[in-house]
Amino acid sequence: MNMFVVIKRKHKEWRKIAKRERRRRFRIQKARIREYFAKECSQEYEKWLKEQDNLEKFEYDQIEKSNMQEHAKWMEAEKNTMEQWNILQERKRHQLQEYLQQEAKLKLEWELEQKRKKEAEEKLKEIEEEKKKQQQIFMSKLEQFLAGDSTEPPPELLISHETRPNVDNCPFFLKTACCRFGDQCSRNHRYPGISNVLLAPNFYVHFGLNNSNFSEYDTDVMLEYEDSDTQKEFLEFFNDVLPEFEKFGRVTQFKVCNNYEKHLRGNTYVEYAELRCALAAYRSLHCRWYGGRQLSLQFCFIDSWKNAICGLASRRRCPKGRACNFLHVFRNPRRFYEDYKFEHIRSVNMPHFKKNVSIVKQLT
Ligand SMILES: [Zn+2]
Ligand SMILES: [Zn+2]
């Protein structure tokens with residue numbers, strides 16, 4: 001009984017041991033399997049990690065490469081932009097420089113123009129002052145002469161003025177004391193200091209003369225005026241003005257132009273028998289107001305009325321019409337002063353003009 005128990009006990013222990021052993025082996029096997037799998041897994045993982053690393057590196061390289069390309073592009077674009085900007089700035093600088101140069105040029109031109117204008121004004125003022133001074137001297141000498149008994153005028157009154165003393169005389173001015181170019185004429189105009197003849201430029205004013213909208217060559221129009229209202233109005237003028245001039249002495253010629261040309265339009269010529277009378281008329285009537293206009297008188301020399309007056313106009317045959325540079329004159333009433341057609345050249349009767357040819361002063 002005891003023996004059996006012992007054996008029984010031994011078997012139980014053995015089974016226990018075997019069971020334990022079996023569990024141990026199982027554990028070992030399991031550990032080996034786990035270790036194996038762990039080992040295998042680790043290799044896969046490492047492989048995967050390596051692949052991941054490679055992928056990541058590749059991706060990084062790609063990104064780096066792309067970045068570098070983008071950077072290069074950006075740098076190129078930046079370089080182009082900078083170049084464009086520099087070009088633009090250079091252009092702007094250039095434009096600004098040109099603008100400033102232009103401004104400076106304009107300013108300089110403007111300043112020079114202002115300076116020139118100022119100088120011209122000052123020069124004109126000087127000339128005016130000088131003229132005024134000369135006129136004062138002239139008037140004072142004229143007063144002295146008129147107050148005295150001398151038949152010889154003082155030399156100050158005999159000073160002629162010439163516009164261009166070194167060139168030929170203007171043929172129109174020489175004959176009519178007028179020229180369409182005024183003192184800008186390329187020929188010489190000679191103004192006597194004093195003379196028997198007074199000229200009042202543009203003195204007779206008439207609507208028909210001032211509003212000449214007719215054909216330049218339509219000479220009949222002018223003659224129609226003369227024959228109708230214009231002539232009538234001229235007679236009024238004649239009857240008003242001639243007595244005013246006759247107050248100072250005997251008038252030997254009185255002619256009023258009916259030319260349309262501005263330099264001759266309404267010009268009134270008055271000639272006195274005596275020089276002293278002409279001077280007295282000048283002293284009293286020059287700058288006097290007549291019919292709302294200031295009368296301006298000047299001494300002039302008419303060598304021959306026959307040469308000054310257009311002979312064709314009186315016969316209504318002047319081919320120049322309104323452009324004629326000779327005097328087309330109104331018919332005076334009662335054929336007053338018509339005898340000029342039979343006159344001689346009068347230089348012998350104008351001693352004061354011819355005698356003092358050496359006293360010449362150029363107009364400034
Ligand atoms: Zn001229
Ligand atoms: Zn004519």
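This is a predicted model: local features need pLDDT of at least 70, side-chain atom pairs count only at pLDDT 80 or more; totals for chains, interfaces and linings use all residues.
Local features need pLDDT of at least 70, side-chain atom pairs count only at pLDDT 80 or more, and totals for chains, interfaces and linings use all residues. Residues are numbered from 1 along each chain as written, ligands are numbered from 1 in the order written, and side-chain values use heavy atoms, without hydrogens or water.

**View 1. Zinc ion (ligand 2) and its protein donors.** The donors (N, O and S atoms within 2.8 Å of the metal) are Cys 310 (SG), Cys 318 (SG), Cys 324 (SG) and His 328 (NE2). They lie 2.1 to 2.3 Å from the ion. Their angles span 98 to 120°, so the arrangement is tetrahedral (four donors, all angles between 85 and 135 degrees). The sequence spacing is C-x7-C-x5-C-x3-H. Cys 310 sits in the loop between helices H7 (305-308) and H8 (311-314), and Cys 324 in the loop between H8 and H9 (351-354), so the pair ties together parts 14 residues apart in sequence. Helices are DSSP runs of H or I, at least four residues; strands are runs of E, at least two. Cys 310 is buried at 9% relative accessible area, and Cys 324 is buried at 3% (buried: under 20%; exposed: over 50%; partly exposed: in between; 1.4 Å probe, protein chains only).

**View 2. Strands S4 and S5.** S4 (residues 251-256) pairs with S5 (residues 268-272) in the antiparallel sense over five bridges. Pairing requires at least two DSSP bridges. Val 256 stands opposite Thr 268 in S5. Five of the six S4 residues are buried.

**View 3. Tyr 36 in helix H1.** H1 covers residues 2-147. Tyr 36 is partly exposed, at 48% relative accessibility.

Methods:
Donors are N, O and S atoms within 2.8 Å of the metal (3.2 Å for Na, K and Ca); water is not among the atoms, so sites may look incomplete. Four donors count as tetrahedral if all angles lie between 85 and 135 degrees; four count as square planar and six as octahedral if opposite donors are over 155 degrees apart and all others between 65 and 115; anything else is irregular.
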